[in-house]
Amino acid sequence: MPALPRPADPAEPAEPARRPRRARPATAALGLAALAATVLVAGPARAEDTGPGSRGSVTRELAAAYAATARYADERQAVAAGYVRTDDCVAMPGTGGMGYHYTNAADLGSTDPARPTNVIYATGADGRRHLVAVEWIVRSTGQPAPVMFGRPFDGPFPHARFGRVYDRHVWLYERNPAGLFARYNPRVTCP
C-alpha cells in the first residue's frame, strides 16, 4: 500500500511564500547578446569570428555595454555617474521616438562599449522614466564613420550641441521593431 502524505504539524512553521526571482543582469546580457549576434550575422561559427566586427566581437561588445549600463535602470544611478538629466524628449512624427537623452560629456567621442555618451529613457505606462537605449556620439571632423558592434556609426548629422556628429544607438532595454541599432523606435513616444 502506498504511503499517504504526512499531515502538516500545526507546531511546524509554514514555509514562507517565495517571491518570484528576477532574471539576473549577467544572464540577461548573455541572452541578449547571443540573440543579437544571431540576428545580426547568419552563418556557421568559424575561427575568424573573433576579430573586430566579427560575431564573437559583437557579442562581447553588446555584453560589455549591457553590463556597464544595466545599473542605469535606476535613473538616480545615471545622474550620480555624471549623466545630466533632461526634460527634452526626442521624437520624429511618423517614425518613432528616441526618448530623453541623459548626456555624460566626458564620454563624448568614446567608442568603448562600456562608456556611452548618452543613456536614453522613455516614459512608461506607469508615468516613470525607464531606460530604453544607450548611444555613443563621435564628432565628425571629416574622418570615416567609427565602427562599433560590427557596423559603422550613422551620420554624420547636425547636432545642436556638438556640431556634426556620428552616432550609434543600441536598444538594449526596449525591443525596437526597426532593429537593435535603429536611430528611432516606433514604440517610443514623447508626451
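The lining of the largest pocket comprises 10 nonpolar, five polar and five charged residues. Here Ala, Val, Leu, Ile, Met, Phe, Trp, Tyr, Cys and Pro count as nonpolar, Asp, Glu, Lys and Arg as charged, and the others, Gly among them, as polar. The model is predicted: local features need pLDDT of at least 70, side-chain atom pairs count only at pLDDT 80 or more, and totals for chains, interfaces and linings use all residues. Residues are numbered from 1 along each chain as its sequence is written, and side-chain values use heavy atoms, with hydrogens and water left out.

**The pocket**

The largest pocket holds about 450 Å³ of space. A pocket is an open set of points on a 1 Å grid over the protein atoms alone, where a 1.4 Å probe fits, with protein on both sides within 12 Å along at least five of seven lines; lining residues have an atom within 4 Å of a point. Grid points are joined across faces, edges and corners, and the volume is the space filled by probe spheres set on them. The lining has 20 residues; Val90, His101, Asn118, Ile137 and His159 lie nearest the pocket centre. At least two lining residues come from each of β2 (96-103), β4 (129-139), β7 (154-159) and β8 (163-170). Strands are DSSP runs (E, at least two residues) and helices likewise (H or I, at least four), numbered from the N terminus.

**Asparagine 118 and histidine 169**

Asparagine 118 sits in strand β3 (residues 118-123). Histidine 169 belongs to strand β8. Asparagine 118 counts as buried because its relative accessibility is 2%. Histidine 169 is buried too, at 0%. Buried means under 20% relative accessible area (1.4 Å probe, protein chains only).

| Side-chain pair | Polar contact |
|---|---|
| Asparagine 118, threonine 103 | 2.6 Å |

Contact in general means heavy atoms within 4.5 Å. Leaving aside neighbours within four places in sequence, asparagine 118 contacts residues including Tyr83, His101, Val134 and Ile137. On the same terms, histidine 169 touches Met98, His101, Ile120 and Val134, among others.

Note on methods
Buried means under 20% relative accessible area, exposed over 50%, partly exposed in between (1.4 Å probe, protein chains only). A polar contact is a pair of N or O atoms within 3.5 Å; within protein, one must be able to donate a hydrogen and the other to accept it, and residues adjacent in sequence count only if both atoms are side-chain atoms.
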